Amino acid sequence: MLDNARAEAGERFVWLAELFDGVTRGHFDRLGVRAGSRCWAVGAGGPSIPEALAAAVGPTGHVLATDIDPSWLKTDDGYEVRRHDVAADPPPEPGTFDLVHARLVLVHVPDRARALATMAAALRPGGWLLVEDADTALQPLACLDDSGPAQRRANRLRDAVRELLTRRGADLRYGRTLPRALREAGLVDVAAGGAFPFGGLACDRLEAATIRHVRGELLAAGLADDAEIDAHLDAIHAGKLDLTLAPLISAWGRRPAEHPPALG
């Protein structure tokens, strides 16, 4: 539904980076990404994460950025780009990566266990898998302060987007399951944290880009009408809403030196 072919996808990548790249880079530092590291950015979408990894690993390291549609990635910016479907294709260069990372990817993948197994199989012994995904069911509101008609309209439209995602097979409770999923994939030293953006330009711009991106689907499904969508976009533009997102849950685990995770 939120495919990379639309111009709004590029806008979403910019504002997701503004909201979450600081969190993600902090995890990279914590997990020991440094000069010479080998890293795989799964479902990279936009260029910000591959660029950050490339800067961290330097010329002696290697960064692979993959996506089912890599059109927003840059092929001449210090990292390798490949087209890859993590839920269907075998792991690239299995057993070789110090870090494998996916952000806001697996929530949209029907066979999440298979995708996790693919990523785990790409790790070298001792390598880290970092998966970050939203838990929309944990906090479903667009406006926490449901104080007026504009805020209630924003929350109705957020419900409508969630309904579209559910119909497409997204698991809106997936974020909270990540630590268990990493353990089930054979990883050890599993831990997790969360980030919860609230208010500001980035939340506004991300919301507007998302609504424009899925407008046709909302109308076709009868979940909203043009007047409601236009009024919501006007309220965002006027700065009338204190918008928020679902929490981003970050979970990480290490491939043990013994008993490597099996792909299957």
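This is a predicted model: local features need pLDDT of at least 70, side-chain atom pairs count only at pLDDT 80 or more; totals for chains, interfaces and linings use all residues.
A residue is called buried when its relative accessible area is under 20%, and exposed when that area is over 50%, with partly exposed residues in between.

**One face of a helix**

Helix α2 covers residues 48–57, and within it I49, P50, L53, A54 and V57 are buried. When one looks down the axis of α2, these buried residues fall within an arc of 135°, so they line one face of the helix. Just after α2 comes G58, which takes a positive phi of about 70°.

**The nonpolar cores**

The largest nonpolar core has 32 residues, and those that touch the most other members are L19, F20, L218, I229, L241 and L243. At least two residues of this core come from each of the helices α1 (7–30), α4 (149–167), α6 (201–220) and α7 (226–237). Another core, which lies apart from this one, has 26 residues, including V86, V105, V109 and L116.

**How α6 meets α7**

Helices α6 and α7 pack with their axes 10 Å apart and at an angle of about 170°. Because angles over 145 degrees count as roughly antiparallel, α6 is described as roughly antiparallel to α7. On the α6 side the contact is made by D204, E207, A208, I211, R212, R215, L218 and L219, while α7 contributes D226, I229, D230, H232, L233 and I236. By residue type, the contact of α6 with α7 divides into 7 nonpolar, 1 polar and 6 charged residues.

E93 lies in the loop between β3 (80–83) and β4 (97–103), whereas D189 is found in strand β6, which spans residues 188–195.

| Residue | Phi | Relative accessibility |
|---|---|---|
| E93 | near 50° | 26% |
| D189 | about 55° | 48% |

With a relative accessibility of 26%, E93 counts as partly exposed, and D189, at 48%, likewise counts as partly exposed.

Note on methods. Residues are numbered from 1 along each chain as its sequence is written. Side-chain values use heavy atoms; hydrogens and water are left out. A nonpolar core is a set of buried Ala, Val, Leu, Ile, Met, Phe, Trp, Tyr and Cys residues joined through side-chain atoms within 4.5 Å. Buried means under 20% relative accessible area, exposed over 50%, partly exposed in between (1.4 Å probe, protein chains only). Helices (H or I, at least four residues) and strands (E, at least two) are DSSP runs, numbered from the N terminus. Axes are lines fitted to C-alpha atoms, for helices over the stretch in contact, and angles run from 0 to 180 degrees between N-to-C directions. Angles under 35 degrees count as roughly parallel, over 145 as roughly antiparallel, 65 to 115 as roughly perpendicular and the rest as oblique. Contact means heavy atoms within 4.5 Å. Ala, Val, Leu, Ile, Met, Phe, Trp, Tyr, Cys and Pro count as nonpolar, Asp, Glu, Lys and Arg as charged, and the others, Gly among them, as polar. The arc is that of the directions from the helix axis to the C-beta atoms.
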